Amino acid sequence: MLRRPRRNRKSEAVRNLVEETNLSVKDLIFPMFLVNGLNKREGIDSMPGIYRFSIDTMLGEIESCLKLGIQAFDVFPAYPDDLKDTVASESYNPETFYLKGLREIKKQFPEVCLMSDVAMDPYSSDGHDGLVKGGKILNDETLEILARMSLAQADAGVDIIGPSDMMDGRVGYIREILDESGFTDTSIMAYTAKYASAFYGPFRDALDSAPKFGDKKTYQMNPANSQEALIEGGLDTEEGADFLMVKPALSYLDIIRLLKENFPLPIAAYNVSGEYSMVKASAERGWIDSDRAMLEILLSIKRAGAKVILTYFAKEYASFVR
(Lines give C-alpha, C1' and ligand atoms only; values in the text may rest on other atoms or scores of the structure.)
Protein backbone atom coordinates (compact mmCIF):
# COMPACT_ATOMS: atom_id res chain seq x y z
CA MET A 1 0.00 0.00 0.00
CA LEU A 2 1.41 3.39 -1.01
CA ARG A 3 -1.14 5.33 1.06
CA ARG A 4 -1.53 4.52 4.73
CA PRO A 5 -3.61 7.18 6.50
CA ARG A 6 -2.72 5.64 9.86
CA ARG A 7 0.82 7.03 9.50
CA ASN A 8 -0.65 10.44 10.39
CA ARG A 9 -2.26 8.99 13.52
CA LYS A 10 0.71 7.09 14.95
CA SER A 11 1.46 9.44 17.87
CA GLU A 12 -0.05 12.38 19.68
CA ALA A 13 2.65 14.68 18.30
CA VAL A 14 1.88 13.66 14.72
CA ARG A 15 -1.87 13.84 15.31
CA ASN A 16 -1.45 17.38 16.62
CA LEU A 17 0.49 18.37 13.51
CA VAL A 18 -2.33 17.37 11.16
CA GLU A 19 -5.27 18.36 13.34
CA GLU A 20 -7.78 20.17 11.13
CA THR A 21 -10.10 21.78 13.68
CA ASN A 22 -8.85 23.98 16.50
CA LEU A 23 -11.17 24.87 19.36
CA SER A 24 -10.34 27.75 21.69
CA VAL A 25 -11.91 29.34 24.74
CA LYS A 26 -11.95 32.50 22.61
CA ASP A 27 -14.62 30.86 20.43
CA LEU A 28 -17.10 30.54 23.30
CA ILE A 29 -19.90 32.64 24.76
CA PHE A 30 -21.15 31.60 28.19
CA PRO A 31 -24.96 31.93 28.66
CA MET A 32 -25.92 32.99 32.18
CA PHE A 33 -29.19 33.54 34.06
CA LEU A 34 -29.90 36.68 36.09
CA VAL A 35 -32.54 36.98 38.83
CA ASN A 36 -33.59 39.87 41.01
CA GLY A 37 -32.27 40.23 44.53
CA LEU A 38 -28.96 39.80 46.33
CA ASN A 39 -26.71 36.90 47.33
CA LYS A 40 -28.55 34.40 45.15
CA ARG A 41 -26.99 31.38 43.48
CA GLU A 42 -29.83 29.01 42.69
CA GLY A 43 -29.17 25.61 41.15
CA ILE A 44 -31.29 24.53 38.17
CA ASP A 45 -32.39 20.91 38.60
CA SER A 46 -32.53 20.17 34.89
CA MET A 47 -29.13 21.79 34.22
CA PRO A 48 -26.58 20.42 36.71
CA GLY A 49 -23.74 22.88 37.29
CA ILE A 50 -25.67 25.88 35.96
CA TYR A 51 -27.17 28.52 38.25
CA ARG A 52 -29.41 31.54 38.44
CA PHE A 53 -27.40 34.45 39.86
CA SER A 54 -28.33 37.76 41.39
CA ILE A 55 -26.13 40.55 40.07
CA ASP A 56 -23.69 40.50 42.99
CA THR A 57 -22.98 36.77 42.68
CA MET A 58 -22.98 36.98 38.88
CA LEU A 59 -20.19 39.56 39.03
CA GLY A 60 -18.14 37.11 41.06
CA GLU A 61 -18.86 34.33 38.57
CA ILE A 62 -17.85 36.52 35.63
CA GLU A 63 -14.60 37.40 37.39
CA SER A 64 -13.79 33.72 37.85
CA CYS A 65 -14.60 33.07 34.17
CA LEU A 66 -12.34 35.90 33.03
CA LYS A 67 -9.45 34.28 34.90
CA LEU A 68 -10.07 31.16 32.80
CA GLY A 69 -9.99 33.14 29.56
CA ILE A 70 -13.73 33.40 28.89
CA GLN A 71 -14.38 36.88 27.52
CA ALA A 72 -17.98 36.78 26.25
CA PHE A 73 -21.24 36.32 28.16
CA ASP A 74 -24.90 36.17 27.14
CA VAL A 75 -27.13 37.16 30.04
CA PHE A 76 -30.79 36.05 30.17
CA PRO A 77 -33.30 37.42 32.72
CA ALA A 78 -35.60 35.26 34.84
CA TYR A 79 -38.67 37.33 35.75
CA PRO A 80 -41.39 36.51 38.26
CA ASP A 81 -44.95 36.34 36.97
CA ASP A 82 -45.98 39.54 38.75
CA LEU A 83 -43.65 41.56 36.51
CA LYS A 84 -44.93 40.01 33.27
CA ASP A 85 -47.66 41.45 31.07
CA THR A 86 -49.00 41.01 27.56
CA VAL A 87 -46.76 43.72 26.04
CA ALA A 88 -43.50 42.89 27.86
CA SER A 89 -43.33 46.43 29.26
CA GLU A 90 -40.73 45.49 31.89
CA SER A 91 -38.23 44.73 29.10
CA TYR A 92 -37.63 48.42 28.42
CA ASN A 93 -38.16 49.80 31.92
CA PRO A 94 -34.80 51.51 32.64
CA GLU A 95 -35.11 50.62 36.33
CA THR A 96 -35.75 46.93 35.80
CA PHE A 97 -33.21 44.62 37.46
CA TYR A 98 -32.06 43.14 34.15
CA LEU A 99 -31.02 46.43 32.56
CA LYS A 100 -29.47 47.60 35.84
CA GLY A 101 -27.56 44.33 35.97
CA LEU A 102 -26.23 44.74 32.42
CA ARG A 103 -25.03 48.24 33.28
CA GLU A 104 -23.25 46.96 36.37
CA ILE A 105 -21.50 44.21 34.43
CA LYS A 106 -20.13 46.68 31.90
CA LYS A 107 -19.17 49.08 34.67
CA GLN A 108 -17.22 46.43 36.59
CA PHE A 109 -15.84 44.62 33.53
CA PRO A 110 -15.74 47.00 30.56
CA GLU A 111 -13.45 44.61 28.71
CA VAL A 112 -16.02 41.80 28.38
CA CYS A 113 -18.14 41.19 25.32
CA LEU A 114 -21.68 41.39 26.68
CA MET A 115 -24.58 39.89 24.75
CA SER A 116 -28.28 40.12 25.52
CA ASP A 117 -31.42 38.41 24.29
CA VAL A 118 -34.24 40.19 22.46
CA ALA A 119 -37.59 38.41 22.63
CA MET A 120 -40.81 38.93 24.53
CA ASP A 121 -41.09 35.53 26.20
CA PRO A 122 -39.13 36.23 29.45
CA TYR A 123 -41.36 39.27 30.07
CA SER A 124 -44.65 38.10 28.53
CA SER A 125 -47.57 36.78 30.51
CA ASP A 126 -48.38 34.71 27.41
CA GLY A 127 -44.91 33.13 27.26
CA HIS A 128 -44.55 33.76 23.54
CA ASP A 129 -41.82 35.60 21.64
CA GLY A 130 -44.31 37.95 20.01
CA LEU A 131 -47.42 39.96 20.82
CA VAL A 132 -50.49 37.76 21.19
CA LYS A 133 -53.98 38.81 20.13
CA GLY A 134 -56.89 36.48 19.57
CA GLY A 135 -54.66 33.47 19.97
CA LYS A 136 -52.32 34.60 17.16
CA ILE A 137 -48.74 35.86 17.39
CA LEU A 138 -48.66 39.18 15.56
CA ASN A 139 -45.52 39.91 13.58
CA ASP A 140 -45.42 43.57 12.64
CA GLU A 141 -46.90 44.81 15.90
CA THR A 142 -44.19 42.92 17.77
CA LEU A 143 -41.35 44.74 16.00
CA GLU A 144 -41.88 48.01 17.85
CA ILE A 145 -41.66 46.22 21.21
CA LEU A 146 -38.49 44.41 20.14
CA ALA A 147 -36.95 47.69 18.98
CA ARG A 148 -37.68 49.38 22.31
CA MET A 149 -36.18 46.40 24.11
CA SER A 150 -33.07 46.50 21.89
CA LEU A 151 -32.62 50.22 22.39
CA ALA A 152 -32.83 49.83 26.18
CA GLN A 153 -30.25 47.03 26.13
CA ALA A 154 -27.88 48.97 23.86
CA ASP A 155 -28.19 51.96 26.20
CA ALA A 156 -27.25 49.64 29.09
CA GLY A 157 -23.94 48.90 27.36
CA VAL A 158 -24.62 45.64 25.53
CA ASP A 159 -22.13 44.87 22.76
CA ILE A 160 -24.20 42.31 20.84
CA ILE A 161 -27.99 42.27 20.60
CA GLY A 162 -29.44 38.80 20.00
CA PRO A 163 -32.95 38.86 18.47
CA SER A 164 -34.20 35.34 19.20
CA ASP A 165 -37.87 35.89 18.42
CA MET A 166 -37.92 34.85 14.73
CA MET A 167 -40.32 37.62 13.72
CA ASP A 168 -40.00 38.55 10.05
CA GLY A 169 -38.13 41.82 9.44
CA ARG A 170 -36.96 42.36 12.98
CA VAL A 171 -33.24 42.62 12.19
CA GLY A 172 -33.75 45.51 9.78
CA TYR A 173 -36.23 47.22 12.09
CA ILE A 174 -33.86 46.96 15.06
CA ARG A 175 -30.82 48.01 13.00
CA GLU A 176 -32.60 51.16 11.83
CA ILE A 177 -33.69 52.13 15.35
CA LEU A 178 -30.22 51.51 16.79
CA ASP A 179 -28.52 53.55 14.07
CA GLU A 180 -30.98 56.43 14.36
CA SER A 181 -30.35 56.50 18.11
CA GLY A 182 -26.56 56.63 17.79
CA PHE A 183 -25.84 52.95 18.55
CA THR A 184 -24.14 52.24 15.24
CA ASP A 185 -21.46 50.13 16.96
CA THR A 186 -23.95 47.78 18.63
CA SER A 187 -23.80 44.44 16.82
CA ILE A 188 -26.70 42.15 15.96
CA MET A 189 -26.34 38.39 16.22
CA ALA A 190 -29.48 37.22 14.47
CA TYR A 191 -31.03 33.94 15.52
CA THR A 192 -31.25 33.17 11.82
CA ALA A 193 -32.24 29.51 11.85
CA LYS A 194 -33.94 28.90 15.17
CA TYR A 195 -35.81 25.63 14.99
CA ALA A 196 -38.91 24.54 16.89
CA SER A 197 -36.94 22.05 18.96
CA ALA A 198 -37.47 19.65 21.82
CA PHE A 199 -34.04 20.60 23.19
CA TYR A 200 -35.14 23.90 24.80
CA GLY A 201 -36.91 22.32 27.79
CA PRO A 202 -34.31 22.93 30.53
CA PHE A 203 -33.85 26.55 29.40
CA ARG A 204 -37.56 27.18 29.82
CA ASP A 205 -37.32 25.66 33.29
CA ALA A 206 -34.51 28.08 34.10
CA LEU A 207 -36.53 31.12 33.04
CA ASP A 208 -40.08 29.83 33.62
CA SER A 209 -40.81 31.07 30.10
CA ALA A 210 -42.77 28.24 28.50
CA PRO A 211 -45.75 29.29 26.35
CA LYS A 212 -49.01 29.49 28.26
CA PHE A 213 -50.84 28.04 25.26
CA GLY A 214 -49.99 26.34 22.00
CA ASP A 215 -46.43 26.16 20.69
CA LYS A 216 -43.95 28.28 18.73
CA LYS A 217 -44.21 26.53 15.37
CA THR A 218 -45.70 29.52 13.54
CA TYR A 219 -42.47 31.47 14.00
CA GLN A 220 -39.68 29.00 14.82
CA MET A 221 -38.50 26.87 11.90
CA ASN A 222 -39.63 23.38 10.93
CA PRO A 223 -36.84 20.86 11.76
CA ALA A 224 -37.49 19.20 8.38
CA ASN A 225 -36.36 22.28 6.42
CA SER A 226 -32.89 23.38 5.34
CA GLN A 227 -33.45 25.59 2.28
CA GLU A 228 -35.59 27.86 4.45
CA ALA A 229 -32.43 28.63 6.42
CA LEU A 230 -30.93 30.12 3.23
CA ILE A 231 -33.94 32.42 2.90
CA GLU A 232 -33.59 33.53 6.52
CA GLY A 233 -29.82 33.96 6.13
CA GLY A 234 -30.24 36.10 3.05
CA LEU A 235 -32.80 38.33 4.73
CA ASP A 236 -30.77 38.76 7.92
CA THR A 237 -27.65 39.60 5.91
CA GLU A 238 -29.51 42.18 3.82
CA GLU A 239 -31.09 43.70 6.92
CA GLY A 240 -27.76 44.34 8.64
CA ALA A 241 -26.96 41.36 10.86
CA ASP A 242 -23.34 41.00 11.96
CA PHE A 243 -23.56 37.28 12.85
CA LEU A 244 -25.91 34.50 11.75
CA MET A 245 -26.85 31.94 14.40
CA VAL A 246 -28.14 28.38 14.19
CA LYS A 247 -30.07 27.04 17.17
CA PRO A 248 -29.89 24.24 18.34
CA ALA A 249 -26.47 23.08 17.22
CA LEU A 250 -26.15 19.29 17.35
CA SER A 251 -29.19 18.29 15.32
CA TYR A 252 -28.45 21.07 12.83
CA LEU A 253 -24.75 20.72 12.03
CA ASP A 254 -25.74 20.56 8.35
CA ILE A 255 -27.41 23.97 8.68
CA ILE A 256 -24.28 25.44 10.25
CA ARG A 257 -22.31 24.18 7.25
CA LEU A 258 -24.96 25.44 4.82
CA LEU A 259 -24.83 28.98 6.20
CA LYS A 260 -21.03 28.90 6.41
CA GLU A 261 -20.77 28.01 2.71
CA ASN A 262 -23.29 30.61 1.54
CA PHE A 263 -22.73 33.76 3.61
CA PRO A 264 -19.62 35.81 4.42
CA LEU A 265 -20.72 36.63 7.97
CA PRO A 266 -19.41 34.78 11.06
CA ILE A 267 -21.67 31.83 11.87
CA ALA A 268 -22.66 31.24 15.48
CA ALA A 269 -24.26 28.12 16.94
CA TYR A 270 -26.13 27.67 20.22
CA ASN A 271 -25.28 24.43 22.03
CA VAL A 272 -28.59 24.57 23.88
CA SER A 273 -29.75 23.49 27.30
CA GLY A 274 -31.17 20.11 26.29
CA GLU A 275 -27.91 19.19 24.54
CA TYR A 276 -26.02 20.08 27.71
CA SER A 277 -28.43 18.35 30.06
CA MET A 278 -28.56 15.04 28.23
CA VAL A 279 -24.78 14.77 28.56
CA LYS A 280 -24.94 15.58 32.26
CA ALA A 281 -27.81 13.14 32.89
CA SER A 282 -25.99 10.33 31.08
CA ALA A 283 -22.71 11.09 32.87
CA GLU A 284 -24.45 11.00 36.26
CA ARG A 285 -25.52 7.44 35.46
CA GLY A 286 -22.05 6.48 34.34
CA TRP A 287 -23.15 5.89 30.76
CA ILE A 288 -20.71 8.30 29.11
CA ASP A 289 -17.56 10.26 29.93
CA SER A 290 -18.73 13.86 30.36
CA ASP A 291 -15.40 15.49 29.46
CA ARG A 292 -14.93 13.44 26.30
CA ALA A 293 -18.53 14.04 25.23
CA MET A 294 -18.15 17.80 25.83
CA LEU A 295 -14.99 17.96 23.72
CA GLU A 296 -16.51 15.91 20.93
CA ILE A 297 -19.65 18.04 20.84
CA LEU A 298 -17.82 21.37 20.77
CA LEU A 299 -15.36 20.14 18.15
CA SER A 300 -18.22 18.92 15.95
CA ILE A 301 -19.88 22.34 16.08
CA LYS A 302 -16.63 24.11 15.24
CA ARG A 303 -15.82 21.58 12.49
CA ALA A 304 -19.25 22.16 10.93
CA GLY A 305 -18.34 25.82 10.44
CA ALA A 306 -19.32 27.77 13.54
CA LYS A 307 -16.94 30.59 14.42
CA VAL A 308 -18.79 31.33 17.67
CA ILE A 309 -20.34 28.78 20.04
CA LEU A 310 -22.77 29.66 22.80
CA THR A 311 -22.49 26.84 25.30
CA TYR A 312 -23.18 25.99 28.93
CA PHE A 313 -19.97 23.98 28.80
CA ALA A 314 -17.91 27.19 28.46
CA LYS A 315 -16.56 27.37 32.00
CA GLU A 316 -16.14 23.62 32.22
CA TYR A 317 -14.20 23.56 28.95
CA ALA A 318 -12.03 26.51 29.98
CA SER A 319 -11.17 24.73 33.24
CA PHE A 320 -10.47 21.48 31.41
CA VAL A 321 -7.99 22.95 28.93
CA ARG A 322 -6.30 25.33 31.36
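Predicted model: local features only at pLDDT ≥ 70, side-chain atom pairs only at ≥ 80, totals over all residues.
Me: How many helices and how many strands does the protein have?

Reply: The protein has both kinds of element. The counts are 11 helices and 12 strands.

Me: What is the radius of gyration of the protein?

Reply: For 322 residues the globule rule gives 20 Å, and the protein comes close to that figure. It is therefore as compact as a globular protein of that length. Along its principal axes, the C-alpha trace spans about 70 × 45 × 40 Å. The radius of gyration is 20 Å.

Me: What percentage of the 322 residues is buried?

Reply: A residue counts as buried when its relative accessible area is under 20%. The accessible surface of the protein is about 14,700 Å², and 49% of that belongs to carbon and sulfur atoms. The buried residues make up 53%.

Me: Among contacts between residues at least 6 apart in sequence, what percentage joins residues at least 24 apart?

Reply: A contact requires heavy atoms within 4.5 Å. Of the contacts between residues at least 6 apart in sequence, the part joining residues at least 24 apart is 74%.

Me: How far apart do the centres of the positive and negative side chains lie?

Reply: The protein has 38 positive side chains and 49 negative ones. The distance between the centres of these two sets is 10 Å.

Me: Is Lys106 buried or exposed?

Reply: The relative accessibility of Lys106 is 16%. The cut-off for a buried residue is under 20%. Lys106 therefore counts as buried.

Me: With which side chain does the side chain of Lys106 make a polar contact?

Reply: Leaving aside residues up to four places away in sequence, Lys106 touches Val112, Leu114, Ala156, Gly157 and Asp159. The polar contact made by the side chain of Lys106 has a distance of 2.9 Å. Its partner is the side chain of Asp159.

Me: Which side chain is joined to that of Gln153 by a polar contact of 2.5 Å?

Reply: Gln153 has its place in helix H4, residues 140-155, and counts as buried at 0% relative accessibility. A polar atom of its side chain lies 3.0 Å from the backbone oxygen of Asp117. Residues that Gln153 touches, beyond four places away in sequence, include Tyr98, Leu102, Val118 and Ile161. The contact of 2.5 Å joins the side chain of Gln153 to that of Ser116.

Me: Near what value is phi of Ala88?

Reply: Ala88 lies in the loop between strand S4 (72-77) and H3, and is buried with a relative accessible area of 0%. Not counting residues up to four places away in sequence, Ala88 touches Met120, Tyr123 and Ile145. Its phi is positive although the residue is other than glycine, and lies near 55 degrees.

Me: Is the peptide bond from Lys247 to Pro248 cis or trans?

Reply: Pro248 lies in the loop between strand S10 (243-247) and helix H8 (253-262). Omega of the peptide bond from Lys247 to Pro248 is near -5 degrees. The bond is cis.

Me: Which residue has a backbone nitrogen that the side chain of Asp289 reaches at 3.1 Å?

Reply: Asp289 is found in the loop between helix H9 (273-284) and helix H10 (290-304), and is partly exposed with a relative accessible area of 44%. A polar atom of the side chain of Asp289 lies 3.0 Å from the backbone nitrogen of Asp291. The backbone nitrogen reached at 3.1 Å is that of Arg292.

Definitions and conventions. Residues numbered from 1 in each chain as written. Heavy atoms only, no water. Helix = DSSP H or I, 4+ residues; strand = E, 2+ residues; numbered from the N terminus. Rg over C-alpha atoms; globule rule 2.2 N^0.38 Å. Buried < 20%, exposed > 50% of the residue type's maximum accessible area, 1.4 Å probe, protein only. Areas by Shrake-Rupley, 256 points an atom, 1.4 Å probe, with all protein chains shown as cover. Lys, Arg positive; Asp, Glu negative; His and termini not counted. Charge placed at Lys NZ, Arg CZ, Asp CG, Glu CD. Polar contact = N/O pair within 3.5 Å; in protein donor to acceptor, adjacent residues only side chain to side chain.
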